[in-house]
Amino acid sequence: MDIFLIRLLQFMLAIGLLVLLHEGGHFFFAKLFGVRVEKFYLFFDPSIWKWDGSLFKFKPKNSDTQYGVGWLPLGGYCKIAGMIDESFDTEQMKQPEQPWEFRAKPAWQRLLIMIGGVLVNFLLALFIYSMILFYWGDTYIPVKSMSHGMKFNTEAKQYGFKDGDILIGTEKGEFKDFSADLYRDLSEATRVDLIRDGKQMSLTLPGDINLLGMLKAEPSFVRPLIPAEVDSVMADSPAASIGLRKGDHIVAINGKAVDSYNEFTDQLGILEDMMTGAKSKADSLKIRTATIVYERGNSNDTISVTLTPELKLGFFVKSIAGIYEPITKEYGFFESFPAGIKYGWNVLAGYVGDMKYVFTADGAKSLGGFGAIGSLFPPMWDWYLFWKMTAFLSIILAFMNILPIPALDGGHVLFLIYEIITRRKPSETFMIRAEYVGFGILILLMLVANLNDILRWLGYM
């Protein structure tokens, strides 16, 4: 429960900040051009019976704007006078046009009002990334420094990779750290450079490996190879009962040779699959009873042990950061801005490039709702990870809002560009219908994404 609350608080804080600043971008340009803003709300406030849906509201003296917090935490809104938006205030549109309304302003001013939220979110992400680099620097483990190399799955080995290969880079450049960018580069590469048995060589790749398939594969397409060396043992665990201790190496389980901790966990995964077919306690106990071979010094010992019900032996290995020495690149205040802009732009480019997978069957299944987004935050409060995740969400919010879907900012921008080019306004009837269609699309996407979360939680995906 504590982990859930910590993640929930981080999620709410990040979303609240991003929504406020996004709507603030619309608000700023509206006020700049003399357009009246009737309501400025964090979260939505649909009325329930005689209640107007506001948890909190106030209207400053001599102000046209009511500020408040709604009860439905699905975003927020800035109700701009004389505009067809998610409020569907058609009665206002039937009244004579007023000079302080959105519809009375030139198209270029309305365009700036509509892109104001996206602009703020994008600039905010670049600013956060810059400040992260200034305050914490850029700490990472270079891929080429991972001297134990990588562990590859069957598909990767079909392309010529071998366990223990040390990756260097592709024709696009050298790999920086082990992240989604490495997968992305491999998926698009026609050549990959690596070190095998101390010699540098290259492999030819097709240039169009399915990135989503690489990321979802079990075991993964590529992982840093972690030696199966015991670093510590849990008290009262099966590992403790057989006398495992720091420095021991697991070399086999149930007659299957183990060349790494990766392989050891893969074998435990096979046992988990077998457990689904167990029909009795005796069957489960038989599966849980494993034969372990471990090396201590120059000799091997073989012993039988009963794993925990969760199929754990009860020992830990060193993390990647414990095996390799991370490096930190520090940035001065002014240096951090071009570096942060470059970093943010690369994040955006990667996200946009990956959008093509959304329109596949596996891509639709990978969509996540509020639960999936919340789970991306760390289980413990960590300001570095919080701000990094907030910047990423800000980029997503900016990109998603600029998509040319009615009811989103991008839909309004599309119609305004049409108006600027043709010098003809789309009719109000068309705009209202388009808003309804766009709103329906957004609700459908939200339902699919959150249904995926529920199905994953229930174990069906």
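Predicted model: local features only at pLDDT ≥ 70, side-chain atom pairs only at ≥ 80, totals over all residues.
1. Four strands form an open sheet in the order β14-β13-β15-β16, and their pairing is antiparallel. Strands β14 (256-257) and β16 stand at the edges with a single partner strand each, so one side of each is left without a neighbour in the sheet.

2. Helices on that sheet. Helix α8 packs on the sheet and touches β13, β14 and β15, its direction making about 35° with that of β13. Helix α9 (residues 281-288) also packs on the sheet, where it touches β15 and β16, and its direction makes about 10° with that of β15.

3. Pairing within the sheet. Strand β13 (residues 249-253) pairs with strand β15 (residues 289-296) in the antiparallel sense over four bridges, and in β15 the residue bridged to His249 is Glu295. On its other pairing, β15 is joined to strand β16 (residues 299-306) over eight bridges, again in the antiparallel sense, with Ser299 of β16 as the bridge partner of Arg296. The hairpin of β15 and β16 has two residues between the strands, and in this hairpin Gly297 takes a positive phi near 70°.

4. Helix α8 itself. Which residues of α8 are buried? They are Asn262, Glu263, Phe264, Asp266, Gln267, Leu268 and Leu271. As background to such a list, an α-helix has 3.6 residues a turn, so residues three or four places apart point the same way.

5. The sheet β8-β7-β9-β10. Another open sheet of four strands has the order β8-β7-β9-β10, with antiparallel pairing. Its edge strands are β8 (173-174) and β10 (199-204), each of which pairs on one side only. Strand β9 (residues 191-196) is paired with β10 in the antiparallel sense over six bridges, and Leu194 has Met201 of β10 as its bridge partner.

6. The crossing of α11 and α14. The axes of helix α11 (residues 333-354) and helix α14 (residues 383-401) come within 10 Å and cross at roughly 55°, and the two helices are therefore oblique to each other. The crossing of α11 and α14 is right-handed. On the α11 side the contact is made by Tyr343, Gly344, Val347, Leu348, Tyr351 and Val352, and on the α14 side by Lys388, Phe392, Ile395, Ile396, Phe399 and Met400.

7. Phe334. Phe334 and Phe134 lie 200 residues apart in sequence, while their C-alpha atoms are 8.6 Å apart in space.

Conventions:
Residues numbered from 1 in each chain as written. Heavy atoms only, no water. Pairing = 2+ DSSP bridges. Buried < 20%, exposed > 50% of the residue type's maximum accessible area, 1.4 Å probe, protein only. Axes fitted to C-alpha atoms, helices over the stretch in contact; angles between N-to-C directions. Parallel < 35°, antiparallel > 145°, perpendicular 65-115°, else oblique. Left-handed = near helix turned anticlockwise from the far one by under 90°. Contact = heavy atoms within 4.5 Å.
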